[in-house]
Number of protein chains: 2
Amino acid sequence: MNSLFEVHPWKVIQKGFDANLQLAAESIFSIGNGVFGQRANFEEQYSGITHQGSYVGGVYYPDKTKVGWWKNGYPEFFAKVLNSTNWIGIDIEIDGLLLDLNKLEIIDFYRELDMRNGILYRKVVLQLPGGRKVEVSSKRFCSMAREEVAALSFGIKPINFSAPITLKPYLQGEVYNSDSNYDELFWERVSEDASKQSGQVITRTKKTGFALAVSMRYQWLIQGKAAAIESQPESTAMYAANTFTANMEQGKTYELQKFVSVVSTMHHEEAKLPHLANQRVAEAQADGFEALEQEHERAWADIWREADIEIEGDDRAQQGIRFNIFQLYQTYTGKHANLNIGPKGFTGEKYGGATYWDTEAYCIPFYLKTADKRIARQLLRYRFEQLDRAIENAQKLGFTNGAALYPMVTMNGEECHNEWEITFEEIHRNGAMVYALYNYVRHTGDTDYLREFGLPVIYAVAKFWAQRFNYSERRKKYVMLGVTGPNEYENNVNNNWYTSYLAKWCLEYASECFEKWGAGMEQYAPTADEVVQWRALASQVYLPQLEESRVFLQQDGFIDKELKSVMELSESDRPINQKWSWDRILRSVYIKQADVLQGIYLFEDHFDRETIQANYAFYEPFTVHESSLSPCVHSILASYLNRMDEAYTFYLRTSRLDLDDYNREVYQGLHITSMAGTVMSVIEGFGGVRITESGMTLRPVIPNAWSSCRFPVRFMEQPLHVTVDSQGCRVDHHGTEAIEMQVYGEKVKLMPGDSEFYNRMG
Amino acid sequence: MNSLFEVHPWKVIQKGFDANLQLAAESIFSIGNGVFGQRANFEEQYSGITHQGSYVGGVYYPDKTKVGWWKNGYPEFFAKVLNSTNWIGIDIEIDGLLLDLNKLEIIDFYRELDMRNGILYRKVVLQLPGGRKVEVSSKRFCSMAREEVAALSFGIKPINFSAPITLKPYLQGEVYNSDSNYDELFWERVSEDASKQSGQVITRTKKTGFALAVSMRYQWLIQGKAAAIESQPESTAMYAANTFTANMEQGKTYELQKFVSVVSTMHHEEAKLPHLANQRVAEAQADGFEALEQEHERAWADIWREADIEIEGDDRAQQGIRFNIFQLYQTYTGKHANLNIGPKGFTGEKYGGATYWDTEAYCIPFYLKTADKRIARQLLRYRFEQLDRAIENAQKLGFTNGAALYPMVTMNGEECHNEWEITFEEIHRNGAMVYALYNYVRHTGDTDYLREFGLPVIYAVAKFWAQRFNYSERRKKYVMLGVTGPNEYENNVNNNWYTSYLAKWCLEYASECFEKWGAGMEQYAPTADEVVQWRALASQVYLPQLEESRVFLQQDGFIDKELKSVMELSESDRPINQKWSWDRILRSVYIKQADVLQGIYLFEDHFDRETIQANYAFYEPFTVHESSLSPCVHSILASYLNRMDEAYTFYLRTSRLDLDDYNREVYQGLHITSMAGTVMSVIEGFGGVRITESGMTLRPVIPNAWSSCRFPVRFMEQPLHVTVDSQGCRVDHHGTEAIEMQVYGEKVKLMPGDSEFYNRMG
């Protein structure tokens with residue numbers, strides 16, 4: 001695979017402009033701060049193919065469902081994260097000529113995403129008609145220190161000429177989603193305002209009534225010195241702008257700083273927005289660009305201090321892992337329980353920026369190991385807050401008595417998705433909610449959260465599973481019919497091993513939790529009979545297994561397929577999801593994402609090494625990894641099984657999925673949630689970190705290509721760093737309490753401040 | 001169940017108007033002639049809820065597919081039969097007041113569908129403001145004698161007043177389909193013309209370019225005598241009309257006869273349409289209404305002479321069966337191989353008037369038993385003509401080497417449907433094509449057709465099945481994974497017994513055919529190896545069966561379901577397809593249409609009575625009959641098993657499905673194709689007629705409610721009538737050649753003209 005852009009340990013760099021790469025670059029170079037985000041569109045007008053995208057977390061619109069054949073139970077709406085007010089825009093004319101990179105000759109083009117500091121740079125030299133050359137540069141960031149502020153600096157330098165120039169910074173609130181089902185505008189006008197110093201546009205979403213206020217202010221610098229330039233404010237419906245006109249002198253740099261605030265009813269009352277947006281932006285301007293930039297960089301430094309992974313000797317791997325960590329923290333910082341992590345974050349519209357089980361299965365483990373527990377807790381809290389909706393959702397599907405089914409795709413707790421085989425049948429997501437709670441407690445020991453906010457979820461999900469199994473007289477077992485597992489290349493199957501195993505475990509875990517803590521509870525206390533019933537059911541769950549083997553069968557009948565490995569597939573058939581009709585994919589043995597292995601990954605401590613080995617050996621050859629969530633799990637299991645070359649191959653694939661654009665779909669946005677899995681493939685894969693109910697173990701081995709790797713891990717709120725090389729590993733304890741763990745099979749105890757080296761060979 | 005309208009052996013009668021029944025009545029009282037058809041809309045304007053529908057067989061538009069989540073292989077278009085030029089319309093004003101039954105007081109309302117003569121009557125007495133009373137009557141038919149002509153007579157009689165009146169007969173070509181996906185007009189304007197004597201509108205479908213010319217002419221009668229009334233012609237885009245104005249005198253009847261021709265490029269070159277339409281209508285007018293009516297009634301008499309079923313002692317049953325036969329012949333008369341039978345015929349838009357496997361499974365057997373073989377042959381020919389498209393369709397799904405998959409839904413041979421579980425997986429339809437050929441030969445002995453037009457279809461379908469099975473190493477059998485059977489309440493199952501059994505039989509039948517006749521063929525001759533392979537495969541097909549039982553399992557895993565009978569379902573849960581989410585339906589045991597029983601019905605001679613009994617007893621309790629194609633099969637099997645009460649219940653349900661509106665969906669149109677199954681439930685069910693390779697057998701028994709029943713049957717081109725009563729049956733031989741058969745188990749031989757009574761007790 002070739003990289004789309006240049007490799008650098010801390011940066012993504014694009015040298016030279018390629019219009020065909022613009023959509024992909026807009027995704028890759030996206031910036032955000034966990035509350036809002038922005039694709040790497042140009043500030044100035046661009047008439048080439050582009051997807052202007054600016055997104056505010058949690059602000060959604062229920063787009064009317066589009067479906068060919070309606071099925072009972074389908075939701076009427078698909079909640080979409082909204083493309084919202086464009087705040088980067090600056091129209092530029094030099095001597096009456098509109099600046100447009102699609103129409104002018106580009107002599108030099110440089111774009112850089114500085115991941116260490118969270119800043120997007122661009123520098124372009126253009127040739128204008130008549131041999132005039134001009135340099136254009138820009139720099140922008142969404143402040144990690146002030147979550148409702150962004151700042152951009154736009155510079156122009158006429159290299160060999162002088163000429164009049166106009167710069168018109170604007171806010172444009174009339175913005176359409178590219179994925180709108182019926183080409184509707186989702187926003188309505190509230191107000192707009194423009195003065196010589198500032199502009200403001202307030203819009204409101206139709207139906208959902210989210211209000212969004214965006215304000216801007218300006219600062220001019222000529223040759224780096226503050227300057228005043230005359231301007232002409234204007235405002236029209238959903239639009240505010242200010243036109244600055246000046247005579248630009250040869251060789252001098254003219255810099256417009258645009259300060260922006262983005263304030264919404266996700267976090268404030270609507271009545272306060274106009275003032276608040278103006279106040280935020282006024283403060284930002286008063287503090288100045290440099291101060292904003294510095295505090296933003298300090299915020300990133302704080303994140304990197306704990307979360308960074310350093311890989312020596314392999315810049316592609318290094319760039320890949322930092323890109324993943326960077327994008328995750330750009331998307332979610334854990335400050336709000338009403339936000340979550342869309343599969344594309346703020347980088348595109350497909351999948352609607354909505355919440356999937358990806359959060360529980362991939363992102364929570366990531367935050368648990370790289371950050372304070374409050375981030376994971378906010379994500380757990382998000383689901384707790386939506387429990388009532390999950391109960392309503394289950395009712396729609398015929399479940400009773402407070403059983404809950406969390407939605408497959410949601411913004412506000414209501415189901416959005418409308419493929420029956422997914423919406424109604426990919427119910428394993430419900431187990432992920434409980435597993436995340438369990439995992440949270442294993443990592444943090446925080447049973448207080450579990451008791452207060454976890455048990456209601458665990459109870460309602462257990463009730464769902466208890467109703468969802470049915471007893472098979474023939475098998476004398478409980479079976480689960482008509483489900484779709486994480487391997488979405490099988491639909492409506494019976495006894496998907498992953499789903500049944502997870503459901504069985506949920507019932508056991510619920511029993512255990514309520515036996516331990518149920519006594520004090522009222523509203524959410526199951527009866528003793530209910531717990532007995534859960535245990536009885538769980539003990540009789542049918543789990544398909546390959547005869548005379550340790551291999552768990554993905555589902556009933558899997559073994560009747562034609563068992564041809566992926567190696568036997570011709571290149572022209574791949575990816576099969578683009579080349580084959582759906583029925584052919586379904587009846588083939590090929591696996592999008594091996595869910596038996598996913599289950600083994602989640603419950604590794606339930607299985608012996610031979611079983612894990614047997615299942616990996618059986619399923620990996622059939623797996624086409626056409627889910628971005630797939631390779632990381634294989635990388636972790638391959639590391640566990642000491643198949644280091646495979647582990648490394650999967651690692652590169654997962655960590656550079658977007659940078660190398662494996663699936664030719666980066667133009668739609670980045671695969672944010674799978675990035676969390678990538679980080680796990682370092683910490684749990686190469687790092688060999690396991691945090692189970694028995695404690696933490698560490699068994700790091702690194703790929704041959706690396707000379708060393710330093711990664712973070714947190715256990716019982718103690719932040720550690722592990723530095724691995726070919727000889728062994730050093731553990732640095734940055735926490736405040738003594739901690740015990742096993743390293744390479746030996747029990748060790750570390751005190752705060754300790755930095756111990758453990759030899760791999762014992 | 002209550003009838004929507006009055007019961008009468010030859011008529012459907014509506015007395016009194018109910019606006020809530022108007023949509024249903026428009027369906028029930030539809031008229032057609034196999035080439036075009038018309039819902040029972042009013043001629044005059046009606047501002048209440050109505051669905052104006054006029055359909056021309058075979059004229060379709062490829063509406064852009066609407067789908068939420070695209071799957072590879074989906075067709076881009078859904079071919080829809082088009083709502084086309086409204087030819088019945090007459091605007092009426094009495095003294096400036098628009099005649100509109102939704103706005104005037106209705107004193108008396110009478111509507112009658114005369115099934116014997118194929119004529120729709122209506123007589124209404126209205127109260128106008130100021131105590132004026134007017135009688136309005138109409139009568140219309142689509143000529144069975146001239147397939148491109150219709151005629152209507154519209155009468156007005158002012159009972160207690162005199163007043164000026166205007167009548168404006170018109171043709172309106174700007175007509176929309178109610179099921180248009182994107183609210184597009186499917187027609188474009190070609191030309192229109194209006195003179196004092198006539199009018200014409202020519203329109204053309206977008207994309208498909210079907211042209212349709214509709215012409216009209218008029219004749220006035222006052223008190224039954226030809227009269228001339230001054231008129232004012234007008235034409236605008238897609239519209240032609242003539243406004244007649246007269247002073248209407250109290251007590252006199254004013255009758256406007258509107259003659260219409262409907263001519264399309266389905267049967268003529270476009271250049272000839274304008275002239276042809278005018279010529280047809282001029283001839284019709286010249287011959288006069290009465291002559292047209294008489295020849296139309298003679299044509300119906302010819303149909304009824306052979307096809308009628310007479311039931312003595314049970315008017316509801318009698319009306320039901322005649323309604324079915326009547327609608328079938330209104331929909332298809334076998335004159336054209338480029339027409340087929342849409343599930344709703346010309347009575348509505350849902351299901352697009354397109355061709356389904358219903359034709360082969362239900363309609364062909366009906367026509368084989370009640371009409372000359374040429375009708376069935378035309379239907380077979382339709383599929384032969386579309387073989388190339390079926391091969392292309394299979395290629396899209398990855399099949400090679402000339403394998404064919406006939407589409408689930410089609411107008412021109414291309415697949416239209418876009419639900420993956422149906423489009424790609426309900427492949428049993430492919431077997432129905434072969435079975436229909438086999439059945440045709442069993443009934444007619446016409447192997448010439450089979451050799452010339454049948455073998456290519458049989459060959460291409462056999463190739464499909466040979467590729468569609470795969471070998472299961474575990475079972476040492478060939479399995480068929482990922483299919484949907486006729487029971488569409490199971491999707492994407494493995495080893496659907498019906499599909500696998502039918503496919504296995506297709507391979508065996510193909511082998512047999514080519515062993516017999518293959519020698520002379522070139523293009524369509526399989527190699528000897530191919531035939532050997534088919535036989536080998538067929539002999540090793542896996543067919544699921546309930547252990548230690550004669551019950552065939554609907555599919556793998558069926559027996560793991562919760563086996564609750566339909567009796568245990570609460571009324572509030574039914575119909576489950578309206579009350580339950582799709583996943584709940586799928587994992588439940590409930591069956592839309594029992595496909596194991598369907599298979600047993602097709603291949604009854606393969607199974608012994610105990611096996612049939614066991615399967616009927618097993619599946620019937622789980623069957624909710626939410627397919628209109630379901631009850632007839634159960635009725636036939638119940639008759640076979642001598643469960644006469646059940647057979648009668650199912651018979652009433654199937655024969656009066658629309659008249660009693662069991663499924664509350666008659667407003668959408670009638671269930672035309674299932675009507676053929678209804679007729680079979682008399683001939684094969686109560687009549688006990690079996691036509692197999694061993695010949696014809698007859699074992700009639702009638703329900704207690706009937707005193708006698710007379711039904712037709714054809715065998716080896718010999719038309720017979722069988723009259724059954726409680727004692728036995730009389731067979732009348734109306735053919736030209738001696739014929740042998742078994743009656744009540746005894747071998748008999750009948751000569752032309754014979755009329756023999758056979759005692760049931762031997």
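Reader: How much area do chain B and chain A bury between them?

Author: In this predicted model, where local features need pLDDT of at least 70, side-chain atom pairs count only at pLDDT 80 or more, and totals for chains, interfaces and linings use all residues, side-chain values rest on heavy atoms, with hydrogens and water left out. Residues are numbered from 1 along each chain as its sequence is written, while chains are lettered from A and ligands numbered from 1 in the order in which they are written. Buried area is the accessible area (1.4 Å probe) that two parts lose on being put together, summed over both; here chain B and chain A bury about 4,000 Å² between them, and 52% of it lies on carbon and sulfur atoms. On the side of chain B, the residues that lose the most area to chain A are Trp69(B), Asp560(B) and Arg587(B), together 19% of what that side buries.

Reader: How many residues of chain B are in contact with chain A, and which element gives the largest share of that side?

Author: Contact means heavy atoms within 4.5 Å, and by that rule 48 residues of chain B touch 48 residues of chain A. The count between the two chains is 8 salt bridges. Helices (H or I, at least four residues) and strands (E, at least two) are DSSP runs, numbered from the N terminus. Those that give two or more residues to the side of chain B touching chain A are helix 8 (420-423), strand 22, helix 13 and helix 14 (582-587) of chain B, and helix 14 of chain B supplies the largest share, 5 residues.

Reader: What rotation superposes chain B on chain A?

Author: Copies are superposed by least squares on the C-alpha atoms of residues with pLDDT of at least 70 in both. In this case a rotation of 180 degrees, with 0.1 Å of shift along its axis, brings chain B onto chain A with an RMSD of 0.1 Å, which is the relation of a two-fold axis. The same surface serves both copies, since 100% of the contact residues of chain B recur in chain A. Of the residues of chain B, Val67(B) comes closest to the rotation axis, with its C-alpha at 2.3 Å.

Reader: Which residue of chain B meets Arg474(A) in a salt bridge?

Author: Side chains of opposite charge can pair when their charged atoms come close. A salt bridge is counted when a side-chain nitrogen of Lys or Arg is within 4 Å of a carboxyl oxygen of Asp or Glu. Arg474(A) meets Asp560(B) in this way, at 3.0 Å from N to O; Arg474(A) lies in the loop between strand 22 (470-472) and strand 23 (477-479) of chain A, and Asp560(B) in the loop between helix 12 (528-539) and helix 13 (576-579) of chain B, so the pair joins two chains. Arg474(B) likewise forms a salt bridge with Asp560(A), with the closest N and O atoms 3.0 Å apart.

Reader: Is Asp560(B) buried or exposed?

Author: Buried means under 20% relative accessible area, exposed over 50%, and partly exposed in between (1.4 Å probe, protein chains only). Asp560(B), at 0%, counts as buried, whereas Arg474(A), at 39%, is partly exposed.

Reader: Where does helix 10 of chain B bend?

Author: The bend at a residue is the angle between axes fitted to the seven residues ending there and the seven starting there. Helix 10 (residues 447-468) of chain B bends by about 55 degrees at Gly454(B), and Pro456(B), a proline, follows within four residues. Of the 22 residues of this helix, 17 are buried, so helix 10 of chain B is largely enclosed by the rest of the structure.
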